[in-house]
Each structure stands twice: as C-alpha cells, then as structure tokens.
Amino acid sequence: MITDLDPRSPANLTPGGLMRLMTWLSPSFPVGAYTYSHGVEYAVEDRRVISAESLTTWIEGVLEFGAGRIDAVLFCAAWRAARAGDLDALFDIGVDADCWRGTAEMALEATAQGRAFVSTAQKVWGDGILTLWAKLMRDDDRLPSYPVAVGIAAAEADVPLRDALSAFLHAMAANLVSSAVRLVPLGQTDGVRTLASLDKAVAMATETAMNTDPVNLGAAAPMVDWTSMKHETQYTRLFRS
C-alpha cells in the first residue's frame, strides 16, 4: 500500500502545491459546493440539528460513519492509483464511487461537483491523467465523482496524500457548517467555533482512511441517508441536497 511516506509520495507540501490545494478547495472554486447541504437542511427542518453542539455531533457522524468515510477512502485509492499511473484502477475506483451513493441527491452532489471540478481543472491547468480518467468515465456513460477527481488532481500536482485529504475533509466539514449557519441559524462565531471543534474528527477520518483497504470499505449513517431522502420532497428548500 502506498502511503504519504512511500517513495512515490512527495516528501513535503511545496508552496506551489499548497497554493493549488487552497485554490481547488476555496469556496470561490466553481464546483457549486455552497448549493449542497448533504441532508443538513432536512435535519434542521426535523429539529435534529438545532445548535452548534448538535451540528458538531452530526458532522462528526458524517466524517466517521458516512460520506466522509466513503469519500476519504475513495480519495486515497484514487491518489495512489494516479501516482502509479494506473488508469484501469482509476476507472474501477470511479465505478465504485458511483455505487457508494445512498440517495439520488447525494449522487448528484458528488457527480455535479466532480464534473465541474474536472472541467475547470482542465481549462486552467491543461490535460493530464485527470483528463484521461474523465474520458474513460465518459466513454462508459459515467460521471466523475468529486473526491476521486480531487484525489487524482492532488497526486498529479505532487501534493502529499495526508495534506490533500486533510484539506478535502476540512472543506467538506466547512461546507456543512456554512449550510447550518444559514439554516439553524447560527452566528458566524458559533460557526467558526463548530469548525474548530471538528479538528480531531477530520484528523481521525484522515488517518482512518489512509489505513483502510478499499475492500473493507463500509458506512453506517442511515439517519444522514434518511434526511437526504426526505429532502428530495421537502416543500421549501434552499439547497440541492
């Protein structure tokens, strides 16, 4: 198994790699992340998320048992396959990503952002293994999944796995916090306090994913899936998921 300490992994995050990572995961990068709440909108409607404390617990669950866990393992697998230049493995990982979506809205969340990420990355940084992978997926009538796409891009840009995955999961948590700030509503300070309280959860999710064989991948967040399903028919909605 390749880790961030193996010969094929960069020893350190370079200033250029850091800038690239910050650009990809910035709210200004046009993937539309702000339009998705990952079920938080219905969780607020159903009074399951009503405070900073309940929001923290909810996001910790997503990171440890839900899409955070799934996406993190897929991210690692994609990063490793991209470093090895293994397009066949990358195609298989992309197919697996399609299968690991519990609801239609979560599938949309992953593929719409994945397609937007690939499109923008190609236009700004040119073609590479990310382009080849996206073409393989398109030729099979599949859409690129967001965590897989970012994992490939990070490997291609020589961004170490641990740094890339930590930033990706932090951005996921930040987006859910941002959603709740508007929905609960929470004050900006409570939002930042919540995000700061998730440092350990992000670090743990990163470490767990880097040491999880994809064949052992699994999730156990039925309540998050349920809120996503209920959101599909929610009467008034601000978000797409």
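Student: Where is threonine 227?
Tutor: Threonine 227 sits in helix α12. Helices here are DSSP runs of H or I with at least four residues, strands are E runs of at least two, and both are numbered from the N terminus.

Student: Before we go on, what kind of model is this?
Tutor: It is a predicted model: local features need pLDDT of at least 70, side-chain atom pairs count only at pLDDT 80 or more, and totals for chains, interfaces and linings use all residues. Residues are numbered from 1 along each chain as its sequence is written, and side-chain values use heavy atoms, with hydrogens and water left out.

Student: Back to threonine 227. Buried or exposed?
Tutor: Buried, because its relative accessible area is 0%. Buried means under 20%, exposed over 50%, and partly exposed in between, using a 1.4 Å probe and protein chains only.

Student: What does threonine 227 touch?
Tutor: Leaving aside neighbours within four places in sequence, threonine 227 is in contact with Gly39, Tyr42, Ala43 and Trp58. Contact means heavy atoms within 4.5 Å.

Student: And lysine 230, where is that?
Tutor: Lysine 230 is in helix α12. It counts as partly exposed, because its relative accessibility is 34%. Its C-alpha atom is 23 Å from that of glycine 218, 12 residues apart along the chain.

Student: New topic. Which residues of α3 are buried?
Tutor: Ala52, Ser54, Leu55, Thr56, Trp58, Ile59, Gly61, Val62 and Leu63.

Student: What covers them?
Tutor: The cover includes α2 (40–45), α4 (67–84), α9 (161–183), α10 (188–197), α11 (199–210) and α12 (222–231).

Student: What span should α3 have?
Tutor: Helix α3 has 14 residues (52–65), so at 1.5 Å a residue it should span 20 Å. The expected span is 1.5 Å times one less than the number of residues. The end C-alpha atoms of α3 are 20 Å apart, which agrees.

Student: Now helix packing. How do α6 and α7 meet?
Tutor: Helix α6 (residues 104–125) and helix α7 (residues 129–139) pack at about 140 degrees, with axes 10 Å apart. Axes are lines fitted to C-alpha atoms, for helices over the stretch in contact, and angles run from 0 to 180 degrees between N-to-C directions.

Student: What do we call that angle?
Tutor: It makes α6 oblique to α7. Under 35 degrees is roughly parallel, over 145 roughly antiparallel, 65 to 115 roughly perpendicular, and the rest oblique.

Student: Which residues make the contact?
Tutor: Phe117, Val118, Ala121 and Gln122 of α6, with Leu130, Thr131, Trp133 and Ala134 of α7.

Student: How does α6 sit against α8?
Tutor: The axes of α6 and helix α8 (residues 146–156) come within 7 Å and cross at roughly 30 degrees. The two are therefore roughly parallel.

Student: Who meets whom there?
Tutor: Ala110, Gln113, Gly114, Phe117 and Val118 in α6 meet Tyr146, Ala149, Val150 and Ala153 in α8.

Student: Loops next. What about the peptide bond from valine 184 to proline 185?
Tutor: That bond is cis, with omega near -10 degrees. Proline 185 is in the loop between α9 and α10.

Student: And aspartate 141, what is its phi?
Tutor: Near 60 degrees, a positive value in a residue other than glycine. Aspartate 141 lies in the loop between α7 and α8. It counts as exposed, because its relative accessibility is 75%.
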